[in-house]
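I opened this notebook page to look up pockets, nonpolar cores and salt bridges, and I set down each search in turn.

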Amino acid sequence: QVQLVESGGGLVQAGDSLRLSCVVSGVPFSRSNMGWFRQAPGKEREFVAAFERSTTTTYYGDSVKGRFTLSRDNAKNTVYLQMNSLKPEDTAVYYCAVPYNGAGRWLSNYWGQGTQVTVSS
C-alpha cells in the first residue's frame, strides 16, 4: 500500500520561506520519481516539481522556477519542497505524489492527503 504523508504547511507572509516534507512508504523510494503538485480553491491541480529518477533531472512548473527546490533523502524515504520568496498566489493545498510523465504532462496515481499553505500579502 502506497502512503504519502505531507507536513510543514502553514500561514506565512509574502516573501517568507517554508519547507514541506513528505514521508513515503509502499514504493521503492530510491528508484521512484517523486514530486509535488498544488491546488488552489476553484482551480485545477497544478504541477509544481518532479524528480525524474531515470535522468536524475528535476523539473519545475513555470510559476515556481527559481523559488522552489525539490530535494530528497533516500535514507529517510522523504521528499522535501523548499519554498522561498513566497507569494499570495502560492496559496494552495500542496500534495506529494509519485509522478510519471504522460504525453508531456506530469501525472500521478498516488497522492498524499495534502498540506495547506497560505501566504498573506
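The entries below concern a predicted model.

Entry 1, the pocket. I looked up the largest pocket and found a volume of about 160 Å³, with a lining made up of F37, E44, R45, E46, F47, R105, W106, L107, S108 and W111. Sorting that lining by class, I counted 5 nonpolar, 1 polar and 4 charged residues. I then noted that β10 gives the most to the lining, with 5 residues, and that β5 (46–52) and β10 (105–111) each supply at least two.

I found 27 residues in the largest nonpolar core, where W36, L81, M83 and Y94 have the most contacts inside it. Among the elements that give two or more residues to this core are β3 (18–25), β4 (34–39) and β9 (92–102). Apart from this core I found another, of 5 residues, including F37 and W106, and both of these residues also line the largest pocket.

My search of the whole structure gave 4 salt bridges. I followed R38 to E46, where the closest N and O atoms are 2.8 Å apart, and to D90, where they are 2.9 Å apart. R38 counts as buried because its relative accessibility is 5%, under the 20% limit, whereas E46 is partly exposed at 30%. D90 is buried as well. Shared partners join R38, E46, R67 and D90 into one network of salt bridges.

Notes. Residues are numbered from 1 along each chain as its sequence is written. This is a predicted model: local features need pLDDT of at least 70, side-chain atom pairs count only at pLDDT 80 or more; totals for chains, interfaces and linings use all residues. Side-chain values use heavy atoms; hydrogens and water are left out. On a 1 Å grid over the protein atoms alone, a cavity is a set of points where a 1.4 Å probe fits but cannot get out, and a pocket is an open set with protein on both sides within 12 Å along at least five of seven lines; lining residues have an atom within 4 Å of a point. Grid points are joined across faces, edges and corners, and a volume is the space filled by probe spheres set on the points. Helices (H or I, at least four residues) and strands (E, at least two) are DSSP runs, numbered from the N terminus. Ala, Val, Leu, Ile, Met, Phe, Trp, Tyr, Cys and Pro count as nonpolar, Asp, Glu, Lys and Arg as charged, and the others, Gly among them, as polar. A nonpolar core is a set of buried Ala, Val, Leu, Ile, Met, Phe, Trp, Tyr and Cys residues joined through side-chain atoms within 4.5 Å. Buried means under 20% relative accessible area, exposed over 50%, partly exposed in between (1.4 Å probe, protein chains only). A salt bridge is a side-chain nitrogen of Lys or Arg within 4 Å of a carboxyl oxygen of Asp or Glu.
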